[in-house]
Amino acid sequence: MEQVQIPNSENSYLITGLTPGVTYIVKVYAIIKKIQSEADMIEATTDASTIDDIRVTGQTEVSIQVDWKNPQAEVDYFRLTHTDPSGQEEELNVPRSQEARTKHTIVGLYPGTEYQISVQSIKGNTGGKASFATGVTDIDAPTKLVTTKVTEDTATVSWNKVQAEIEGYMLSYTSAEGSSSDIFVGRDSTSYRLVGLRPGVLHTVYIWAFSGDKVSGKSSTEAETELDAPANLIARNETESSFSLSWDPVQAEIDGYILTYTVPDGSSKEITVGPDRTSYMLTGLQPAVLYTVYIKAVREDKTSRTISTQAETELDAPANLLARDETESGFTASWEPVQADIDGYMLTYSSSEGSGEEILIGSTTTTHSLTSLRPGVLYTVYVWAIKGGKVTRKISTVAETEIDSPKDLKASDVTLDSASLTWVPPLADVDGYILTYRDEDGNLQVVEKRLEASKRSFTASSLEMGNRYIVTIVAFRGSKRSKVVETFFKTVEVLYPFPMDCVQIMKNGNKNNGIYTVYINNNQSKPIEVYCDMSTDGGGWLVAGAAYSAETPRHPSPQTPPPAPPGGAQGFPRPAERHSPSSVSWAVPWASSWWDVPGTPPEEGVQEASSIDARATSTGSSRCGGAAALLRAPPGWPSSSPYV
């Protein structure tokens, strides 16, 4: 107990040095000259200790952590109160910590909110003076951040709005290729579409809220963009069984491409193509089929979207075009059919002389015969298939028509030992002819003649009289030969092959007056020409001395006419008068007067002959009984003359 003397002028006193939170009994009494009045007594309790050094040590979106220094005095507990901006207050009792400072975390707060915090020590029913601090909760981070949609180069993310009052959001993303800059997003937004991303890349997306210089924690999610698809798939260079494909490569890192096409039976074929390829040749396809081709990029179990194109293979061309059965005016063309369904075939041909018309041939036909062609001409034949407005490539072959044969081979002017052979030339251009003739019995050697192409006739000579001959002729050009043309003729066969007078000539069937060849003593080597009168007195008269000219008819004889005598004139007797049994006068072409035979010619060049029958028979007898005469040549007559 302590006593304090207070001057009588005071009516109050501050007691200090008390212990906080202790109930004291205070007695007040007056003292006069050491006389003490009756005391007036009251009880008074000191307040609990005041809290010192309260501070905010941390906060989250929904909590604030505070601590303060424990007072020296004993307290029952601390009363902690926090008040939000709206004035809503909440208090709770916090036990005193045994340590020097008591800590407490206020929870259940509203994010981004400033709170007034007070702490008061309580002892019994007395509370100490409150201490105050201000705490602000953190801005809450966006929640449930997810990737809602991705494409090859975009990603859409969404989130739940924060509870705090904020100015907006910031968003960024990172990948193996680096980080993006921060992207501002309005405070009312709950989704955002990222564009311009690289295909096939895993991106980590971050988002946070901010208000002034305060920011929330970051929320994150992952977004992997799709593999980009190849672009500009193009088919070109279509053939009957293939076409090539090309495409623009993808940007993403891939394992390769999958190429698929549908075959006509409805099944699909799949082809794996390396990641560095941007083209591919499809082969082994069917002609005239419309194919749909698909392509996509792949990486592990991920695939890009599929792109497609269409391509139609060309009609296949006919194959193995052949020409056969060549004739003089045509040949047959044949080919292997196409596989495609077509409308038909077109056929045409050409030569150095021009082109033929196009011929439409049915789709099931694989042969065609060309006719009315020119012989010996080299033709080029073309065949192709058609379907609507589409045509195949042309295939071709060459064929040469056969050389046509000469026509109308005939034998004329047939004599004892010769015949004139004529023919009409072929239409084809030829190098020449091979003409042969032989007797039918094969007793004589075959005669073969090569003739120029310009020849139209040939005279066969040195034949045997009365023989039947076979004549053949073929045209040729190079190694080609025409068909053989054949004819027959028979040389003249007479009773007297070498008549010695006009009677024998008449007996050979000659009934006309004129010049004939006779052979002295039937000697084939001594022919002479004489004038025979076939009408007077039964005919058969050899007329001597009569004048006749070149217009006098000449008649063929079994043998070749005699050569001309010296001087170039025809050597034949010229009758001067009708002959008589006793003499015949002969006129020689170069004599200026007459001479008779037999006998020696006089100087004038004329000699008389006696006892000669001008119609001597082959036996030498005469109608007048005379003997055969031997003609003697005048001086200077060649010894080889037929008149000798």
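Modeller: Two strands pair if DSSP finds at least two bridges between them. Strands here are DSSP runs of E, at least two residues long, numbered from the N terminus. This is a predicted model, where local features need pLDDT of at least 70, side-chain atom pairs count only at pLDDT 80 or more, and totals for chains, interfaces and linings use all residues. Residues are numbered from 1 along each chain as its sequence is written, and side-chain values use heavy atoms, with hydrogens and water left out.

Start with an open sheet of 3 strands. Its order is β30-β31-β35, and the pairing is antiparallel. β30 (319–324) and β35 (367–370) are the edge strands. Each of these edge strands pairs on one side only. From one strand to the next, the twist averages 15° (axes are lines fitted to C-alpha atoms; angles run from 0 to 180 degrees between N-to-C directions).

Now look at β31 (residues 331–336) and β35. They run antiparallel, joined by 4 bridges. Take T332: its bridge partner in β35 is S369.

On to the rings. The model has 13 aromatic pairs (Phe, Tyr or six-membered Trp rings with centres within 6.5 Å; planes under 30 degrees apart are stacked, over 60 edge-to-face, the rest tilted). One of them is W159 with Y169, an edge-to-face pair. Their centres are 5.5 Å apart, with 65° between the planes. W159 sits in strand β14 (residues 155–160) and Y169 in strand β15 (residues 168–175), so this pair ties together parts 10 residues apart in sequence.

Another edge-to-face pair joins W423 and Y433. Here the centres lie 5.6 Å apart, and the planes make 65°. W423 belongs to strand β40 (residues 419–424), Y433 to strand β41 (residues 432–439). The pair links distant parts of the chain, 10 residues apart. Both W423 and Y433 are buried.

Ring pairs also build a cluster. Its members are F243, Y261 and Y291.

Last, charges over rings. K218 lies over the face of W208, 4.4 Å from the ring centre (the rule: NZ of Lys or CZ of Arg within 6 Å of the centre and within 35 degrees of the ring normal). K394 lies over the face of W384, at 4.3 Å from the ring centre.

How values were computed:
Buried means under 20% relative accessible area, exposed over 50%, partly exposed in between (1.4 Å probe, protein chains only).
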